[in-house]
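I set out to look up a few local features of this structure and to note them in order. The entries follow.

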Amino acid sequence: MLLPTMLKSLLFLLFPLLLIPQESIARSNFVQKLGFSKKDKTKFGELKSGQGLFQALQSVSIDSALALKLINSLRDDVEFSKLKVGDKLEATFNDEGELVRFAFSQNPAEKHIVKLNKMTGNWNYSFQEEKTFWHTRVLEGQLRAGSTLQQDLLEEGLKPSVVNEVVNVLLLKVNFRLNARVGDNFKVLVSERRFNKSVIESKVLYTAYAGKRAGSHEAFYYEDAEKSSTFTAHYTKDGQALISSGLRYPLSHLHIRSGFGWRLHPVTGQRAMHRGVDLRGKTGTAVHAVADGRVIEANFNEFAGNKVAIRHRDGSKSYYYHLARRSVKKGDWVNSYQIIGTVGATGRVTGPHLHFGFKTPEGAWMNPLNKRMIATPKLTGLRLKSLKDQIADIRGLMIDLEISKVARYLLQEIPNKKDEFSLDWEFTDFYKVGESKINTNIAQSMEI
Ligand SMILES: [Zn+2]
């Protein structure tokens, strides 16, 4: 009994010592890479519960004026709406105590870096990414007595957010409360981006549910060609969006620069209520009406710049600020998704973006992101064609995974006949099993 206790306390004592060499190795690599002087010091921190990035920056000794500057230089590249506890910060100071580099990472494979250019005094942004692998797996099973789909998927090691995504997609087609039965079949294809041993991103490529009462349903993940496109979502094989009807997005891309609620104003630096969300957009990008309605304001003021407001059928109102151009006038009737202007930088802003606000029928400002928003009720044209191609890929991938399951079984049997076959032969044979499917089979763990 004594020995393990001693061992434990020894480890406990050694623990801080074990950390020091690692940190100094990381530091010396980093000093070499960036050519900083040896006197530069890096402080490490992380986002704590209830903290915004601003408070976290102060915890690594960055003053509030500089913190505001850094947040503004990161706004277009980091989605502040996705900040989470444990996100990592690094602040490097020179021997005069001035900040020369700041790094922020939301997962171990990616780093957003801003460095001071001493000549210009500007902060330059760069993005550093480690190699990661996409790995795909199928989860399938039958609903058991006393269990739910949620529980079964959680037991398979899926993150709660991924399980929610699956369930939300199926909820639009299946009334679980009434129609789910023991023995119903489900199948989920998940692609996981891995770095070292952690999953840093998951995509639900395919969701299926079949039962006597519930019927058969399939949903496919469509990924739009453009990054952060609002069209990227789950659809039926005919291109029907699997999200109940809601507002259309005002932009075809969604990157939130600044969320709803209390924040430090990027221009004044004062704590203020932000009654909307700021969406990234280049000057000239089309701005769409989020629903049918009557234009109740189309004018200019020094804060909102070029501004359009629309009253919808249910009495709710949507607001669009800082437009470069307005293409509707007061009194016009607009259809859902009609273009009402373009993104700009008019009014009191630091750069081009769309400020999008929403009022309830009762007249209270609300976070528009809490409304259900859809890109489209149905994919059409090139997007629909691309969905069909992606569906074919997803089905192919599932066939490959079936084959590799069989092949893995074959490989397990082979070692017994070791003297008869060389290792090379085993693998050639394994690939023969898959024939033309082999390429996608390998693609499961393809680098990105
Ligand atoms: Zn705003």
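Entry 1. I looked up the contacts of L401 and found that L401 touches T136 and V138, leaving aside residues up to four places away in sequence; contact requires C-beta atoms, placed from the backbone, within 7 Å. The model is predicted, so I noted that local features need pLDDT of at least 70 and side-chain atom pairs pLDDT 80 or more, while totals for chains, interfaces and linings use all residues. Residues are numbered from 1 along each chain as its sequence is written. L401 belongs to helix α7 (residues 381-413); helices (H or I, at least four residues) and strands (E, at least two) are DSSP runs numbered from the N terminus. I also noted that L401 and L189, 212 residues apart in sequence, lie 10.0 Å apart in space, C-alpha to C-alpha. L401 is partly exposed, because 17 other C-beta atoms lie within 10 Å. The classes are buried at 20 or more other C-beta atoms within 10 Å, exposed at 12 or fewer, and partly exposed in between, with C-beta atoms placed from the backbone.

Entry 2. I then checked backbone angles. Most residues other than glycine have a negative phi. S61, not a glycine, has a positive phi of about 65°; S61 sits in the loop between α2 (53-59) and α3 (64-74). S61 counts as partly exposed, since it has 14 C-beta neighbours inside 10 Å. H322 also has a positive phi, near 65°, but H322 lies in strand β19 (residues 317-323). With 26 C-beta neighbours inside 10 Å, H322 counts as buried.

Entry 3. I examined helix α5 (residues 160-171). Its 12 residues should span 16 Å at 1.5 Å a residue, and the end C-alpha atoms are 16 Å apart, which agrees; the expected span is 1.5 Å times one less than the number of residues. The buried residues of α5 are E165, V166, V169 and L170. They cover an arc of only 125° around the axis, so they lie on the same side of α5; the arc is taken over directions from the helix axis to the C-beta atoms. The face turned away from the buried side of α5 carries the exposed residues P160 and S161. Among the elements covering the buried residues of α5 are α4 (149-155) and β7 (185-195).

Entry 4. I finally traced an open sheet of five strands, ordered β1-β2-β3-β4-β5 with antiparallel pairing; strands pair if DSSP finds at least two bridges between them. β1 (41-46) and β5 (123-129) stand at the edges with a single partner strand each, so one side of each lacks a neighbour in the sheet. Five bridges join the antiparallel strands β3 (residues 99-107) and β4 (residues 110-116), and F104 stands opposite H112 in β4.

Terms used:
Two residues are in contact if their C-beta atoms, placed from the backbone, lie within 7 Å.
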